[in-house]
Amino acid sequence: MQKENPLMKKSYDFALETIRLYKSIVSSKREFVLSKQMLRSGTSIGANISEANGAISTADFSAKISIAYKESLEVKYWLSLLKDSEYIKTEKINKLLERADELSKIMFSILKTTKSAK
């Protein structure tokens, strides 16, 4: 039985929240461009972490975590644009921004640890 991976769980939950927000934006605000970018990067984080968990080498693991980290930075950009353009209420976005920031910090720490272990 595989041990639960907290980062995978957090990124999966984040992806679900991103999907819910996307559905809400598309149906109520009829905004399709920014929200699609947010959806893509928000769900990509967990996909890349999942790939990292199946890595065949440390370099492969680092590369996938690095991509997931960059996607977490990107999703923060799209969320900020949606907030500042007033498509979404600040409270809703701030919670997601905090969660994206938490994921970023965890992955950055993993990258630093992986790099120093070489």
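Ser11 is found in helix 1, where helices (H or I, at least four residues) and strands (E, at least two) are DSSP runs, numbered from the N terminus. This is a predicted model, in which local features need pLDDT of at least 70 and side-chain atom pairs count only at pLDDT 80 or more, while totals for chains, interfaces and linings use all residues. Residues are numbered from 1 along each chain as its sequence is written, and side-chain values use heavy atoms, with hydrogens and water left out.

- Leaving aside neighbours within four places in sequence, Ser11 is in contact with Ile45, Gly46, Ile49 and Leu103, and contact here means heavy atoms within 4.5 Å.
- Although Ser11 and Arg99 are 88 residues apart in sequence, their C-alpha atoms are 9.0 Å apart in space.
- Thr18, which also belongs to helix 1, counts as buried because its relative accessibility is 1%.
- When neighbours within four places in sequence are set aside, Thr18 is in contact with Met38, Leu39 and Gly42.
- Ser41 lies in helix 2, and with 0% relative accessibility this serine counts as buried.

**The nonpolar core**

- The largest nonpolar core has 27 residues, and those with the most contacts inside it are Phe14, Leu21, Met38, Ile45, Leu79 and Met107.
- At least two residues of this core come from each of helix 1 (6–29), helix 2 (33–53), helix 3 (58–84) and helix 4 (90–116).
- A nonpolar core is a set of buried Ala, Val, Leu, Ile, Met, Phe, Trp, Tyr and Cys residues joined through side-chain atoms within 4.5 Å.
- Leu79 touches Phe14, Leu21, Met38, Ile93, Leu96 and Leu97, not counting residues up to four places away in sequence.

**How the helices pack**

- Helix 1 and helix 2 pack at an angle of about 160°, with their axes 9 Å apart, which makes helix 1 roughly antiparallel to helix 2.
- The contact between them is made by residues including Leu7, Ser11, Phe14, Thr18 and Leu21 of helix 1, and by residues including Met38, Leu39, Gly42, Ile45 and Ile49 of helix 2.
- Axes are lines fitted to C-alpha atoms, for helices over the stretch in contact, and the angles run from 0 to 180 degrees between N-to-C directions.
- Angles under 35 degrees count as roughly parallel, over 145 as roughly antiparallel, 65 to 115 as roughly perpendicular and the rest as oblique.
- The axes of helix 2 and helix 3 come within 8 Å and cross at roughly 160°, so helix 2 is roughly antiparallel to helix 3.
- Helix 3 and helix 4 pack at about 160° with their axes 9 Å apart, and helix 3 is therefore roughly antiparallel to helix 4.
- Helix 1 passes helix 2 in a left-handed crossing, the crossing of helix 2 and helix 3 is left-handed, and helix 3 passes helix 4 in a left-handed crossing.
- A crossing is left-handed if the near helix is turned anticlockwise from the far one by less than a right angle, and right-handed if clockwise.

**Aromatic pairs**

- The structure holds 2 aromatic pairs, where rings of Phe, Tyr and Trp (its six-membered ring) pair if their centres lie within 6.5 Å, and planes under 30 degrees apart count as stacked, over 60 as edge-to-face and the rest as tilted.
- Tyr69 and Phe108 form a tilted pair, with 5.7 Å centre to centre and 40° between the planes.
- Because Tyr69 lies in helix 3 and Phe108 in helix 4, this pair ties together parts that are 39 residues apart in sequence.
- Phe108 counts as partly exposed, at 40% relative accessibility.
- Tyr77 and Trp78 form an edge-to-face pair, with 5.1 Å centre to centre and 75° between the planes.
- Trp78 counts as buried, at 14% relative accessibility.

**Loop residues with positive phi**

- Arg30 is found in the loop between helix 1 and helix 2, and its phi is positive, about 55°, although Arg30 is not a glycine.
- With a relative accessible area of 58%, Arg30 is exposed.
- Glu86 lies in the loop between helix 3 and helix 4, and its phi is near 65°, a positive value in a residue other than glycine.
- With a relative accessible area of 66%, Glu86 is exposed.

Key:
Buried < 20%, exposed > 50% of the residue type's maximum accessible area, 1.4 Å probe, protein only.
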